[in-house]
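Open the model in your viewer and keep the selection tool ready.

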Amino acid sequence: MMYKRIVSLAPSNTEIIYELKADDSLVAVTRYCDFPNEARKKPRIGGWLDINEELVKSFKPDLLLTSTFVQNKITSKYRKQKLNIISLMPTTLKGVFDSIEKIGKLTDREKESAQLISTMKTQINNIKNKIKNSKNMPRVYVEEWHKPPTVSGNWVPTLVRIAGGDYSLIKAGVHSREVTTEQIQDYDPEIIVISICGMNDKVPKEWVTKRNGWQDLSAVKNNKVYVFDDSWLNRPGPRLTVGLENLARVIHPKCFS
């Protein structure tokens with residue numbers, strides 16, 4: 001079945017729908033759905049959790065799409081109201097590909113979704129080839145949230161390893177979790193990537209570099225602290241390969257010179 005009136009309640013789903021050229025079926029999105037630029041022109045129904053329920057219903061959606069465990073309560077609530085809602089909750093890179101495939105089926109864009117997955121895998125292989133002769137694997141810490149400091153989990157550990165870094169603070173497929181100053185000091189990252197959820201790249205490095213107990217970390221002392229647009233790493237969609245390339249560039253810059 002092809003759905004023709006979709007409300008996307010997550011930016012990743014919105015990006016995938018646009019990439020599959022299925023945006024004609026997208027009747028409303030969240031205020032965080034800011035990519036591509038065309039998505040900003042769609043009607044907004046709220047954010048991750050503060051959703052205007054009456055507004056959602058006014059669009060008469062035949063499908064609602066949520067994402068991540070953060071929206072579990074919303075998913076349950078709408079199911080009780082007999083609205084057709086599907087939750088896509090990838091926690092691994094394979095899960096991201098599965099989500100793209102599923103949205104392809106829901107929008108009658110199966111060929112396009114297969115092509116998108118193939119393109120992403122080609123981009124991943126290209127980056128692997130770029131860094132294949134690198135011998136060292138510097139310790140990397142990616143921060144998803146700052147209060148408290150939270151190490152990025154889910155698919156990020158896989159991306160860091162593909163990019164040629166060590167990422168042993170957390171395993172792939174595990175939700176992001178709080179880390180203590182002592183854990184960070186013991187790990188002593190050589191590279192720190194700041195990717196604060198929902199803040200794009202508008203984060204001062206000082207949030208990390210001036211943090212008590214963090215000044216003597218190798219990454220801080222050697223000025224290897226980088227701020228990323230968080231949508232490159234936090235959204236389980238097509239631009240994860242952009243995040244991957246940028247990770248590889250800061251981990252192995254000589255491979256890209």
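A pocket here is found on a 1 Å grid over the protein atoms alone: it is an open set of points where a 1.4 Å probe fits, with protein on both sides within 12 Å along at least five of seven lines, and lining residues have an atom within 4 Å of a point. This is a predicted model, where local features need pLDDT of at least 70 and side-chain atom pairs count only at pLDDT 80 or more, while totals for chains, interfaces and linings use all residues. Residues are numbered from 1 along each chain as its sequence is written, and side-chain values use heavy atoms, without hydrogens and water.

**Stop one: the largest pocket**

Its volume is about 650 Å³, meaning the space filled by probe spheres set on the points, with grid points joined across faces, edges and corners. Select Trp 48, Thr 68, Glu 144, Cys 197 and Asn 234: of the 28 lining residues, these are closest to the centre. Next, colour helix H1 (11-19) and helix H10 (231-234), the elements that each give two or more residues to this lining. Helices are DSSP runs (H or I, at least four residues), numbered from the N terminus. H10 gives the largest share, 3 residues.

**Stop two: the second largest pocket**

Here the volume is about 170 Å³. Select Glu 19, Phe 35, Leu 116, Pro 238 and Arg 239, which lie nearest the centre among 14 lining residues. Then show H1, helix H5 (110-131) and helix H11 (240-251), each giving two or more residues to this lining. H5 has the largest share, with 4 residues.
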